[in-house]
Amino acid sequence: MEIYPANLLDLNALRRVEAVCFPQDAWPLLDLVAVLTFPGVVRLKAVVAGQMVGFIAGDPRPAEGFSWIATLGVLPEYRGRGYGRALLEACEERLPTRRIRLSVRVSNEEAIRMYRHAGYVAIDRWGRYYNDGEDALVMEKSR
Ligand SMILES: CC(C)(COP(=O)(O)OP(=O)(O)OC[C@H]1O[C@@H](n2cnc3c(N)ncnc32)[C@H](O)[C@@H]1OP(=O)(O)O)[C@@H](O)C(=O)NCCC(=O)NCCS
């Protein structure tokens with residue numbers, strides 16, 4: 001597996017990864033275009049045999065004092081091999097702020113465990129944040 005910067009040429013591959021990884025929360029096409037083009041956004045893809053198998057985007061907000069991990073997904077058949085963690089670490093390295101935040105469904109135990117192991121702690125809970133009414137756990141890492 002190799003990690004490369006992603007760009008607009010990755011739009012179709014990203015649509016697939018997002019649709020498979022986030023069946024309930026798939027972003028509209030325009031948001032996917034934005035995440036691949038907005039200046040300053042850290043966007044990285046995990047590639048195996050020339051194919052995108054994972055994606056992460058980090059959004060620096062230096063004025064607010066932290067960055068947000070906007071999305072992180074690995075195709076199911078490639079999970080459990082360290083790709084998610086590797087994408088997270090590569091993205092963190094490229095983010096300029098000392099603090100990094102993310103939100104995750106409270107039921108997403110696997111992702112929450114991964115974030116905890118990576119040094120994130122829960123700092124807030126947003127009630128009924130997702131479409132179906134599930135709460136979001138907000139987590140932060142300080143480095
Ligand atoms: C969350 C997600 C990105 C993790 O990706 P991944 O490539 O499986 O992650 P990793 O292989 O790096 O594993 C992360 C941790 O979970 C453990 N793990 C993951 N899958 C595992 C499996 N099948 N068996 C045992 N352990 C597993 C690893 O041991 C690792 O532990 P560590 O943090 O102590 O190193 C992936 O499950 C995913 O895309 N989920 C759907 C989208 C999602 O929920 N995204 C995050 C929401 S914000």
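Which residue in β3 is the bridge partner of Leu44? The partner is Ile56.

The model is predicted: local features need pLDDT of at least 70, side-chain atom pairs count only at pLDDT 80 or more, and totals for chains, interfaces and linings use all residues. Residues are numbered from 1 along each chain as its sequence is written, and side-chain values use heavy atoms, with hydrogens and water left out.

## The sheet

The sheet is open and has 7 strands. Their order is β1-β2-β3-β4-β5-β7-β6, and the pairing is mixed. At the edges lie β1 (2-5) and β6 (121-126), each of which pairs on one side only. From one strand to the next the twist averages 25°. Strands here are DSSP runs of E with at least two residues, helices are runs of H or I with at least four, and both are numbered from the N terminus. Two strands count as paired if DSSP finds at least two bridges between them.

| Strands | Sense | Bridges |
|---|---|---|
| β1 and β2 | antiparallel | 4 bridges |
| β2 and β3 | antiparallel | 7 bridges |
| β3 and β4 | antiparallel | 8 bridges |
| β4 and β5 | parallel | 3 bridges |

Ile3 stands opposite Ala46 in β2. Ala46 also has a bridge partner in β3, namely Gly54. Further along, Ala57 has Thr71 in β4 as its bridge partner. Ser67 stands opposite Ile100 in β5.

How well covered are these strands? Strand β2 (residues 42-48) is largely enclosed by the rest of the structure, because 6 of its 7 residues are buried. Buried means under 20% relative accessible area, exposed means over 50%, and partly exposed lies in between (1.4 Å probe, protein chains only). β4 is mostly covered too, with 8 of its 9 residues buried.

## Turns and loops

β2 and β3 form a hairpin with 2 residues between the strands. Ala49 sits in the loop between β2 and β3. Its phi is positive, at about 50°, although Ala49 is not a glycine. Most residues other than glycine have a negative phi. Ala49 has a relative accessible area of 80%, so it is exposed.

Arg128 also has a positive phi of about 50°, and it is not a glycine. Its place is the loop between β6 and β7. Arg128 counts as exposed because its relative accessibility is 64%.

The hairpin of β3 and β4 has 4 residues between the strands. There, Gly65 takes a positive phi near 90°.

Phe38 lies in the loop between α2 and β2. Its relative accessibility is 52%, so Phe38 counts as exposed. Phe38 and Asp59 are 21 residues apart in sequence, and their C-alpha atoms are 9.3 Å apart in space.

## Helices

α1 lies across β3 and β4 and runs at about 85° to β3. α4 packs on the sheet, where it touches β4, β5 and β7 (136-142). The direction of α4 makes about 165° with that of β5. Axes are lines fitted to C-alpha atoms, for helices over the stretch in contact, and angles run from 0 to 180 degrees between N-to-C directions.

In α2, Leu32, Ala34, Val35 and Leu36 are buried. Their cover includes α1, β2 and β3. Contact means heavy atoms within 4.5 Å.

## The largest pocket

What is the volume of the largest pocket? It is about 1,400 Å³. A pocket is an open set of points on a 1 Å grid over the protein atoms alone, where a 1.4 Å probe fits, with protein on both sides within 12 Å along at least five of seven lines; lining residues have an atom within 4 Å of a point. The volume is the space filled by probe spheres set on the points, which are joined across faces, edges and corners.

The lining has 46 residues, and Phe22, Thr71, Leu72, Ser103 and Tyr115 are the closest to the centre of the pocket. By class, 24 are nonpolar, 11 polar and 11 charged. Here Ala, Val, Leu, Ile, Met, Phe, Trp, Tyr, Cys and Pro count as nonpolar, Asp, Glu, Lys and Arg as charged, and the others, Gly among them, as polar.

Elements that each supply at least two lining residues include α1 (11-21), α2 (29-37), α3 (83-94) and α4 (109-117). β4 gives the most, with 7 residues.
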